Amino acid sequence: MKTQASFALCSLLLFLVVPCNTQQFACDKNDPNTSQFPFCNTSLSYEVRAEDLVPRLTLQEKVQQLVNKASGISRLGVPAYEWWSEALHGVSNLGPGTRFNATVPGATSFPAVILSAASFNATLWFKMGQVVSTEARAMYNAGLAGLTYWSPNVNVFRDPRWGRGQETPGEDPLVVSRYAVNYVRGLQEVDGEANSTNDKLKVSSCCKHYTAYDLDNWKGVDRFHFDAKVTKQDLEDTYQPPFKSCVEEGHVSSVMCSYNRVNGIPTCADPDLLKGIVRGQWGLDGYIVSDCDSIEVYYNAIHYTATPEDAVALALKAGLNMNCGDYLGKYTTNAVNLKKVDESIVDQALIYNYIVLMRLGFFDGNPNSLPFGNLGPSDVCSDDHQLLALDAAKQGVVLLDNNGALPLSQTNTNNLAVIGPNANATTVMISNYAGIPCRYTSPLQGLQKYVSMVTYEAGCGDVKCSNQTLIEPAVQAAAAADAVVVVVGLDQSIEAEGLDRVNLTLPGYQTKLVTDVANAASGTVILVVMAAGPIDISFTKNMSKIGGVLWVGYPGQAGGDAIAQVIFGDYNPAGRSPFTWYPQEYADKVPMTDMNMRANTTTKFPGRTYRFYTGKSIYEFGHGLSYTSFSKFIISAPSTILIPLKQNYNILYANSVGEAIDVSSINCNNLKFNLVIGVKNNGPMNGSHVVLLFWKPPSSGGVTGAPNLQLVGFERVEVNRGKTQTVTISLDVCKELTLVDAEGKRKLVIGQHTLFVGSSSEHQVRHHFVVRQAGNATVEGFVSM
């Protein structure tokens, strides 16, 4: 950690001096002056230990522990600690708590989250978290990193123009939730065992940005001033589910509140959102932290309070425990002295913070003798870790179109032209919130491993492609080649934190580059789109020379190898688009500031995401092709689900079709069922297949704004050619088969429900089942076919 590392010379060989840093910790057993404190006694509960520590601090000492750069209390043997580290898709040096040096020059850099999400593989997400936490612990032991990581980003990718969509798992709340739970568990769990209250932590994870945060800077509207007007319905079924899952299922140890207001109130100052929901309803076992300088933002930028003391008092009373920034450190003492906030609230905030550090072992003495104490620099960028980064990239690649040109034949491709502003990308591939990768393999380098004669032309000076001067050399290269790979797209100059897009087209002259190259090519053209958000590439649909289209997101350090292996058939793609590909007219008509999800025919608002969008798509959510063909069939599923009501509730409902029953009146215990699906590989290659399960409820007069379709389950399965595998998807009726009404209440609709196996762009298998009230029946919830 930058602020707390002490330096030594751990090896001196001739003229080579390698710096070695020591990690910081409290309760050093070799220090008799401090090790005997009760807060150092590991036989006591974390809460008792924290409650022993906090009263020993003066108010002035307390407030300096409420900020990310906590000063520590040297007289008690508690060192300074930097809370801010990042691990979105690998250990990052973006936060001040982590850095690289000659001892650890880099860490494994996985693809941007949006691409890993396209794998629809929860097991992969968990393994990625495990790798990242192992490397984080190794770097902590080397004195280069902290133990608290403010990742992942679990906001829903609501609008295709959002610059931070790359950090998210996409537009569907279920996918975002499942990603969050698995990545958090991978980061936090010791030995991969499920957390229970007060369990030890490998590292601490943080789900952010709570809540309804998905606008950075669009046409002059920025996140610091934006007031997100959100309906109760949208809040409950779109914006909140990933955070709820983080806390209740992932047992995340921190939640970060966002910059924006929600319905007029800054999220970091809203007691209903923080104390009421995150800690009260969901039961957060951890601390709540502000996004960096959020308190200062709502005081200075929007003048929400009259004084800084009012601002910090509001945040603390709302349930904030930690300030990324310095406002709590500067103004909390005055706020207490002015009786704007009670010191007991400060104490409680510190107890929550210290319990997390205790769960991490920070107060257990020398980490070398504790779990993970044997990890070191050799555990960072290991071969296994780097192979997983490559596998994650390959699993996420989406084959959008293919007229039979892919995979390319290595035998028949003697002269390959590699063209485009992202064709030799390196740093572009690691997206944002990245550290220093172990190494890079660019698309060009990956393709050169397959073809001996490769001609490279950028075609554009950068992705903005502001002039045409480099297009002609690219056209000439295409005309002389057997095949052409054109890698176009975006980078952080177009979509980034603090920068939203204003349109959905390729920047500058990139469209002309693709068109001219395709027209001149004598062989097949493969288009590779390297970008996070969707791009309107509908102009390619009628270009016969373009034989295949791949979306590769930002594929991480091994992106070039992943792309090349897919193009030449050493890997059969199975990724699915985690978002809808909208046409440019969507950006022309829909203001990014409109937070509504549901379509409105009166205002001609087309809705957002596959769940509510009523317009035409270029590619739909869940779309993705393969080099082989699969068929699916239902092996077993229920025909009827009987809904047991809690005692005395059955008289409230008439059990008529379309009636919406409030979930609070249902006995939801064990109200689950399994759907067993067969998947057969009918084609020429082994491959993986993502089974997507969608649900459509019956119409109900009691609930308006039902989704077009709703993803309720997914599994990725490997199937060898000619073979069949079974997939079992478990559904929780009260959780996954309910609608949200205008008041934000969950309802279960009586009548015939429909399940669709497969996305709308593939052959779908339908299954109907009836939901009806069980009357005075017992809890048995369903009858199988």
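Predicted model: local features only at pLDDT ≥ 70, side-chain atom pairs only at ≥ 80, totals over all residues.
**Entry 1: the whole chain**

I counted 20 helices and 30 strands in the protein chain. Its radius of gyration came out at 27 Å, close to the 28 Å that the globule rule gives for 785 residues, so I noted the chain as being as compact as a globular protein of that length. The C-alpha trace spans about 85 × 80 × 50 Å along its principal axes. Of the 785 residues, 63% are buried. I also looked up contacts between residues at least 6 apart in sequence, and 77% of them join residues at least 24 apart.

**Entry 2: helix 4 and its partners**

Next I picked helix 4, residues 122–141, and looked at how it packs on two other helices.

With helix 5 (residues 173–188), the angle is about 35° and the axes are 7 Å apart. I recorded this crossing as right-handed. On the helix 4 side, the residues in contact include Trp 125, Phe 126, Gly 129 and Ser 133, and on the helix 5 side they include Val 175, Tyr 179, Asn 182 and Gly 186. By class, this contact holds nine nonpolar, five polar and two charged residues.

With helix 13, the axes come within 11 Å and cross at roughly 150°. Here the crossing is left-handed. Helix 4 brings Leu 124, Lys 127, Met 128, Val 131, Thr 134 and Glu 135, which meet His 385, Leu 388, Ala 392 and Gln 395 of helix 13. I sorted the residues of this contact into five nonpolar, three polar and two charged.

**Entry 3: helix 10**

Is helix 10 mostly covered or mostly open? I found it mostly covered, with eight of the 11 residues in 308–318 buried. Among the buried ones are Pro 308, Glu 309, Val 312 and Leu 316. What do they pack against? The buried residues of helix 10 pack against helix 8 (272–281), helix 9 (294–300), helix 11 (327–337) and helix 12. Just after helix 10, I noted that Gly 319 has a positive phi of about 120°.

**Entry 4: salt bridges**

I then turned to charges; side chains of opposite charge can pair when their charged atoms come close. My search of the whole structure found 33 salt bridges.

One joins Arg 49 and Asp 364, with the closest N and O atoms 3.0 Å apart. This pair links distant parts of the chain: Arg 49 sits in helix 1 (residues 46–53), while Asp 364 sits in the loop between helix 12 (343–359) and helix 13 (383–396), 315 residues apart. I found both Arg 49 and Asp 364 buried.

Another pairs Glu 762 with Arg 576 at 2.9 Å, N to O. Glu 762 is in the loop between strand 28 and strand 29, and Arg 576 is in the loop between helix 17 and helix 18, so the bridge ties together parts 186 residues apart in sequence. Arg 576 has 3% relative accessibility, so it counts as buried.

Last, I checked Glu 167 and Arg 164, whose closest N and O atoms are 2.7 Å apart in a salt bridge. Both residues are buried.

Terms used
Residues numbered from 1 in each chain as written. Heavy atoms only, no water. Axes fitted to C-alpha atoms, helices over the stretch in contact; angles between N-to-C directions. Helix = DSSP H or I, 4+ residues; strand = E, 2+ residues; numbered from the N terminus. Left-handed = near helix turned anticlockwise from the far one by under 90°. Contact = heavy atoms within 4.5 Å. Nonpolar A, V, L, I, M, F, W, Y, C, P; charged D, E, K, R; others polar. Salt bridge = Lys/Arg side-chain N within 4 Å of Asp/Glu carboxyl O. Buried < 20%, exposed > 50% of the residue type's maximum accessible area, 1.4 Å probe, protein only. Rg over C-alpha atoms; globule rule 2.2 N^0.38 Å.
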